[in-house]
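This report is for a reader who is meeting the structure for the first time. Please look at the sequence and the model below before reading on.

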Amino acid sequence: MSEQPRVLVDVSHVTLRFGGVTSLDDVSLQQHAGEILSVIGPNGAGKTSLFNCLTGVYVPQEGAITFTAPSGATRSLLGGKPHDITQLGIARTFQNIRLFNALTAFENVKIGVEAHQRTGPVGAMLRLPRTRREERDGDKRSFELLDFVGLRARANELSASLPYGAQRRLEIARALGTDPQLLLLDEPAAGTNPAEKRDLEQLIRRINADMGVTVLLIEHDMRLVMSVTDRVVVLNFGRVIAEGAPADVQRNPAVVEAYLGAPGEGGDGDAAAG
Amino acid sequence: MNQTQLLERGRKLLPWVAGGVLLAIMTGPQGRVGQPAYSISQALHPGHLFESIAITVVVGVIAQLWAARPAQVRESITQLRSESSRFYARREVRYGVYAALLAFAIVLPHIVGAYWQEVLVDKIGIFALLAVGLNVVVGFAGLLDLGYIAFYAIGAYVAAYFTGALPVQPPFILNDFYILFFAVAAAMIAGLILGAPTLRLRGDYLAIVTLGFGEIITILAVNLDSVTNGSRGAPGITSFSFHVFGINYDWGLSQTPYYYLLLVFAVVIMVAFHLLENSRVGRAWTAIREDEVAAQACGIPPVKYKLMAFAIGASTSGFAGVLYAAKISFINPSSFTVLFSILVLVLVIFGGMGSLIGPIVGAAAIQWFFAYVQKHDGAPIPGIGVKIPIHPEDIYLYVGAVLIIMMIFRPQGIIPSRRRAREIGLAEHGIGGADATGAPVGSPVS
């Protein structure tokens, strides 16, 4: 890529405060279209707060966040309702899985797929041609996505009855159903076993490469972060302390310090060495 | 069974005996001025006391027998249940059941007497329609609406207005079939006006606002004398009639024609709501009910969808209001009190929230019970020769008790929707909250 890659999301000088606590402090970062960007940092560093600012759950006191659609139109994400932001093309998963438990895996994905459909109550009650067509298309797309995440065989099982790793993948399928430009994954590997982690790694690569979806990843599992991401942003105490290629960030002294504590600070140095 | 076991069983019945005494006092006569002990002394009159204790002890014995049912019975019930649900899950069986129910509903007015024909229309039919509409609000969208009858009143008063039965004269007199459109529109607009600001509120606040709205409409109907004719009501609302291509038919004041009219409307509305439930809109409601935050993440605007459910419910209520006004030909504010809002809610909860025929079954069962007690008050039941010891004025007490028992043993209602039953089952295992009507709404985003 010789030319400058297109900026998809531009976060500039964002500050978010809750009373006296500053959760994000002058955070600036850019995500390019097509890349996999990871945001890492210790617990409480402000990673999920950043996600919530992107998806309209929180409105930061200062700064700007813009999103550039493929058409070239740029929109501010500040003050947008979460469902508007989904409609714009930003989908997310949750740190603590939030599936619709009483619905089947298939129905969960279908609700995501229906985000861009237009059937209203009248169309639904009268089964107008458009409703039928949208139902058919929705079914087809939902099965494709279940196939994509490897859950086709469990389409009719209740989402609550699926194993943990499968629930993670189902949530990703539901988010992909909304046909996003950008997919925000909030700790997708949390609580999964090594085999599931490998599957997830593959899945994230395929989402990025095959579907052409840009991915923003929050993750604690360093092996996953280092293997799938193009670029890493490190947050600590709400500030960006490092940014760059995974290998460079790993060697950055500020990052090592944030994770392991400064050498000579109590017994932490010994723990880091060991 | 040995003596100690028997004694143990007997001891367990003591609370039920105490409950019987309480019931006797609650269902006793009203007090008299200057005789403070009159009510209680009459309530504890041996005959009345014995009847009340008999009721609670019988219930107590049944509850004990049920609790002590042997493991074999327990197993066979579970087996029967799973088998029957598997059987019922088959499409042709389900449609067969619906067809049989419809056939039964068609012949029903011809096999019952005049009293029951009237009950079928005025009590069961109209309220079944109301319950089906409220089911969209409560069952599908998970919103608690305690002022539902207000929209019914709006529909009824629109009917009175356009048939010239109110002190204010309409610009033109309309046939009831056309009035249906106006009434549905008026009720829907009222629903939108009430819903737009309040549906942003969380569950319990919505309940209070709708309760207030219901009261406002009733009070308006009483006090806006120059428009509504106050508590004297509006007499002379014309009945449904049909004049097309030289065919003239008037539904008049008779029962059976109205019964069939109601049946047709109810079937059409139920089919429409069934399609609605299994569409994008219905799934969006389920999503909001289960997890509003996740629903928003799927691009569903919650307020818009809640408003939609609220407006659809309100229109159904307004629709039923026209049918009621035209059938009875006279309305006054006492038909639209808050008690009726609660009653319709009870029908929905009892029958099964969110299910297609649950509200109809709820309406049929509870309204039948009301009418039955009313009919046999003081008179012995034919065939058995015993008087039932339940009096019409105490009826809500018993319905309340039945509802409490239902909430303990079968919270999903008599005929639950599959989704709802699953939700309740999962919530009992600590997975997921219920909805705006029940458990706390989704915890804050992490």
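The text that follows goes through the domains, the sheet, a hairpin, the helix pairs and the contact between the chains.

The model is predicted.

**Domains of chain A**

Chain A falls into domain 1 (1-89 + 181-188 + 212-269) and domain 2 (94-179). Taken over C-alpha atoms, the centres of domain 1 of chain A and domain 2 of chain A are 28 Å apart. Where the two meet, seven residues of domain 1 of chain A are in contact with eight residues of domain 2 of chain A. On the domain 1 side, α2 (82-88) and β7 (182-186) of chain A each provide at least two of the touching residues. By class, this side of domain 1 of chain A has two nonpolar, three polar and two charged residues.

**The sheet in chain A**

Which order do the four strands of the open sheet in chain A take? The order is β2-β1-β4-β5 (chain A), and the pairing is antiparallel. The edges are held by β2 (21-32) and β5 (74-76) of chain A; each has a single partner strand, so one side of each is left without a neighbour in the sheet. On average, and ignoring direction, neighbouring strands of this sheet are turned by 20° against each other.

Within the sheet, strand β1 (residues 7-18) of chain A pairs with β2(A) in the antiparallel sense over eight bridges. In that pairing V11(A) is placed opposite L29(A) in β2(A). Helix α1 (residues 47-54) of chain A lies across β1, β2 and β4 (62-68) of chain A, and runs at about 65° to β2(A).

**Domains and a hairpin in chain B**

Chain B is divided into domain 1 (3-73) and domain 2 (93-428). The C-alpha centres of domain 1 of chain B and domain 2 of chain B are separated by 35 Å. Four residues from domain 1 of chain B and four residues from domain 2 of chain B make up their contact. On the side of domain 1 of chain B that touches domain 2 of chain B, the residues divide into two nonpolar, one polar and one charged.

H243(B) has N248(B) in β3(B) as its bridge partner. Two residues lie between the strands of this hairpin, and F245(B) takes a positive phi near 55°.

**Helix pairs**

| Helix pair | Axes come within | Crossing angle |
|---|---|---|
| α3(A) and α6(A) | 6 Å | roughly 30° |
| α12(B) and α14(B) | 10 Å | roughly 115° |
| α15(B) and α17(B) | 11 Å | roughly 35° |

Helix α3 (residues 105-113) of chain A and helix α6 (residues 164-177) of chain A cross at roughly 30°. That angle makes α3(A) roughly parallel to α6(A). Is the crossing of α3(A) and α6(A) left-handed or right-handed? The crossing of α3(A) and α6(A) is right-handed. Residues of α3(A) in the contact include A105(A), V109(A) and V113(A), and those of α6(A) include L170(A), A173(A) and R174(A). The contact of α3(A) with α6(A) has seven nonpolar, three polar and one charged residues.

In chain B, the crossing of α12(B) and α14(B) is left-handed. V281(B), A284(B), W285(B) and I288(B) of α12(B) meet P302(B), Y305(B), K306(B), M308(B) and A309(B) of α14(B). This contact of α12(B) with α14(B) has eight nonpolar, no polar and one charged residues.

The crossing of α15(B) and α17(B) is left-handed. From α15(B) come V346(B), I349(B) and F350(B), and from α17(B) come V399(B), L403(B) and M406(B). The contact of α15(B) with α17(B) has six nonpolar residues, no polar and no charged.

**Contact between the chains**

The chains meet through 29 residues from chain B and 35 residues from chain A. On the chain B side, α11 (255-277), α12, α13 (292-297), α14 and α18 (418-428) of chain B each supply at least two residues. Which helix gives the largest share of the side of chain B that touches chain A? The largest share, six residues, comes from α12(B). By class, the side of chain B that touches chain A has 16 nonpolar, six polar and seven charged residues.

Note on methods. Residues are numbered from 1 along each chain as its sequence is written. Chains are lettered from A and ligands numbered from 1 in the order in which they are written. This is a predicted model: local features need pLDDT of at least 70, side-chain atom pairs count only at pLDDT 80 or more; totals for chains, interfaces and linings use all residues. Domain bounds come from an automatic or database domain assignment. Ala, Val, Leu, Ile, Met, Phe, Trp, Tyr, Cys and Pro count as nonpolar, Asp, Glu, Lys and Arg as charged, and the others, Gly among them, as polar. Axes are lines fitted to C-alpha atoms, for helices over the stretch in contact, and angles run from 0 to 180 degrees between N-to-C directions. A crossing is left-handed if the near helix is turned anticlockwise from the far one by less than a right angle, and right-handed if clockwise. Two strands pair if DSSP finds at least two bridges between them. Angles under 35 degrees count as roughly parallel, over 145 as roughly antiparallel, 65 to 115 as roughly perpendicular and the rest as oblique.
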